[in-house]
Amino acid sequence: MKREFLKTVALSILIAASLLLTLGIWNYQPNYDELDNSNYTNETLRGGKEETKKSIVEPSKVIINSNGSYSGFNDKTRQDELYRKMQDWSLIGFEEGIKTDQELPDSDEYMVELIFPLEVPASAIRDLFTVEDHNIEQVQRGSFDRIFLRLNEDDTINMTFFNTEAMMSMESTVQNANAANLVEKYAEIDDQIDYIRYEAGADTPIYLPRESRELKELTFSADAFTTTAELDPLLNSLLLNREVLKSNRMEGGGRSYSDGIRELRAHESEKYMEYINPLPENRRIDNWELVNQTVNFLNTHKGWTNSSQDEYQLYELNAQQNEVTYRLVYKEYPVFGEMDQLATINIVWRNQPYKYNRPLFQLGDSFDYGSPSNLPMGTDIVNFLDNTKGSSGIKDIMIGYKLVDEGISVRLEPTWFKKDGGGWSELDLSELSGLEEG
């Protein structure tokens, strides 16, 4: 009897322990914090705004040709002014469609050349300018990376959209009566700098400012938005099932958020985020439609978080991957980062965002202006190109800012950058110094 009693007690203890263990498992949520998911709001990102397709496509250079001499605006905001006024133009023509096997216009045939940082889909023309309805079909195919303006004797302007990679062009005529006067007015502005037209080893001319550019190193406060409350507009837009939203701290800092399918990883100290939505493969879409959909997506949560003196511009399109990159530009100078995700909004699209990587800060107040930079002159860069093996693969060279993250602040350092088959990267000035000393 005593033996049976002991068995009963032991069995009761085991059952109780099992119940306690089960209850513990049910209530255990490893590494996750509870979130208040009941208050769904329609708020947008702090400091965010909306943009249009017209506002995010801009030339990186505007070159003025006067009898074979080349110049540009010392104040680069002038090129933005000219281009914005050009966007009010109405275009006629295009009847011949795309012309193939073309040569670049002779330098005595045009007055202004606008150079874009990427091949812009030709279908963008109907959104950037006004095109007659019966010409819409003619601007559905192809792309361009340069626009040439030629002033005619009858005070009209011919506008040539040119693809320097495929050597294809499309011709149109500006219908606006005052267009020629506008171009001449900007071409005659006194505050201009001389440019070198460099052609050796390149498929298309590269323009570099002849003299040194006195740009200062700039320091800004970094107005970050990395807390859960500040990220709510993104969580609402990206993690659709807020009822099951979970959050946990990441190793090395920051926080990840997941609804069981999608995940947003906010790197707090580095001030950027990564988002993944494991969608199946999707068909490729038209490049300009990709821009249209990603601009609309960013506008839904006012994802353009630039300040009054900087903006995001369309800089890269990858048709094979349905990928688009919008780059930060400060006073018309592009910004490239040691960690480039701090200077770009990058989206891979599959009817909705598949990947979405972006900065989680906005340039704040500038509180320290450094000394003017000691950038090499354009003539030094030309000497570098002439003496460097492999420089023929360089497609463009320009001055931009390198973004250096310093925690509570960021620094913008003026630097020369080059574009080749691998995209944009900093020019190795140590090699250039060696050539100068030689």
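This is a predicted model: local features need pLDDT of at least 70, side-chain atom pairs count only at pLDDT 80 or more; totals for chains, interfaces and linings use all residues.
Phe148 is buried, at 4% relative accessibility, because the cut-off for that class is under 20% relative accessible area.

What is the geometry of the rings of Phe148 and Phe162? Their centres lie 6.1 Å apart and their planes meet at 90°, so the pair is edge-to-face. The pair links distant parts of the chain, with Phe148 in strand 7 and Phe162 in strand 8, 14 residues apart.

By the ring-centre rule, the count of aromatic pairs comes to 18. One of them is Phe144 with Phe161: the centres are 5.0 Å apart and the planes stand at 70°, so this pair is edge-to-face. Phe144 belongs to strand 7, residues 143–151, and Phe161 to strand 8, residues 157–163, so the contact ties together parts that are 17 residues apart in sequence. Phe144 is buried, with a relative accessible area of 0%, and Phe161 is buried at 1%. Ring pairs also join Phe144 and Phe161 to Tyr83, Phe94, Phe116 and Phe129 in a cluster.

Strand 7 and strand 8 pair in the antiparallel sense, over six bridges, and Ile147 stands opposite Phe161 in strand 8. Both strands belong to an open sheet of ten strands, in the order 6-4-9-8-7-5-2-3-10-11, with mixed pairing. Which strands stand at the edges? They are strand 6, residues 130–131, and strand 11, residues 206–209; each has a single partner strand, so one side of each is left without a neighbour in the sheet.

Helix 5, residues 179–187, lies across strands of this sheet, including strand 7, strand 8 and strand 9. The helix runs at about 95° to strand 7.

A separate element is the hairpin of strand 13 and strand 14. Strand 13, residues 246–249, and strand 14, residues 255–258, run antiparallel and are joined by four bridges. Lys246 stands opposite Ser258 in strand 14. Five residues lie between the strands, and in this hairpin Gly252 takes a positive phi near 90°.

Finally, I note two placements of charge over aromatic rings. The charged end of Lys76 sits over the ring of Tyr333, 4.6 Å from its centre. Arg350 lies over the face of Tyr354, at 3.7 Å from the ring centre.

Notes: Residues are numbered from 1 along each chain as its sequence is written. Side-chain values use heavy atoms; hydrogens and water are left out. Rings of Phe, Tyr and Trp (its six-membered ring) pair if their centres lie within 6.5 Å; planes under 30 degrees apart count as stacked, over 60 as edge-to-face and the rest as tilted. Helices (H or I, at least four residues) and strands (E, at least two) are DSSP runs, numbered from the N terminus. Buried means under 20% relative accessible area, exposed over 50%, partly exposed in between (1.4 Å probe, protein chains only). A charge sits over a ring if NZ of Lys or CZ of Arg is within 6 Å of the ring centre and within 35 degrees of the ring normal. Two strands pair if DSSP finds at least two bridges between them. Contact means heavy atoms within 4.5 Å. Axes are lines fitted to C-alpha atoms, for helices over the stretch in contact, and angles run from 0 to 180 degrees between N-to-C directions.
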